Amino acid sequence: MEHLLGLLRIHVLRGVNLAIRDVRSSDPYVVIRTGKHKLKTRVVKRNLNPEWNDELTLAIADPSLSIELMVYDKDKFSLDDKMGDAEIHIVPFLDALRMRLDDVPSGTVITRVKPGRDNCLAEESSIVWRNGKVVQDMVLRLRNVERGEVELQLEWIDIPGSRGL
């Protein structure tokens, strides 16, 4: 526990306009990996705009490690088809956490992250102080695929006894 910074809760909201990998539709699910950790959402049957609303929690020990998001199409008789991937950059999110903003009103925008070549953002992402927590809503554009986006929300959870930020 002493080597951990804290926990990152990733709320995987939904996929938008995902690529077709089967005859007419796909059965998508999301896999999130960092270091040795690997988490996945449930499979949504026959849907190109799935609503997962799954919460995945990663233990963060090294903030420099990248967090990879991969979308797959579940197949019954063969290997699952890849429907795209993206990378989640948490450095701006952690920088906002280090500001220790305890007495600002809920809904205050701390900073904005612009989409660019160095990140997979589809649109500008705001890091907001909401209900006593730092939260970032983001829309990631999938790479290595013809189309598709995934909507996420990041939230930080402090662990008592951790080394902190």
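First, the ground rules. This is a predicted model, where local features need pLDDT of at least 70, side-chain atom pairs count only at pLDDT 80 or more, and totals for chains, interfaces and linings use all residues. Residues are numbered from 1 along each chain as its sequence is written, and side-chain values use heavy atoms, with hydrogens and water left out.

Now the build. The protein chain has one helix and ten strands. These are DSSP runs, numbered from the N terminus: helices are H or I with at least four residues, strands are E with at least two. From the N terminus, the order is β-β-β-β-β-β-α-β-β-β-β. The radius of gyration is 16 Å, close to the 15 Å that the globule rule gives for 165 residues, so the chain is as compact as a globular protein of that length. That radius is taken over C-alpha atoms, and the rule is 2.2 Å times the number of residues to the power 0.38.

How much of the chain is buried? Buried residues make up 44% of the 165. Buried means under 20% relative accessible area, with a 1.4 Å probe and protein chains only.

Let's zoom in on strand E5, residues 67-73. Five of its seven residues are buried, so E5 is largely enclosed by the rest of the structure. Which strands pair with E5? Strand E2, residues 28-34, pairs with E5 in the antiparallel sense over six bridges. Here tyrosine 29 stands opposite tyrosine 72 in E5. Strand E6, residues 81-88, also pairs with E5 in the antiparallel sense, over six bridges. There, leucine 69 stands opposite alanine 86 in E6. Pairing requires that DSSP finds at least two bridges between two strands.

Notes
Buried means under 20% relative accessible area, exposed over 50%, partly exposed in between (1.4 Å probe, protein chains only).
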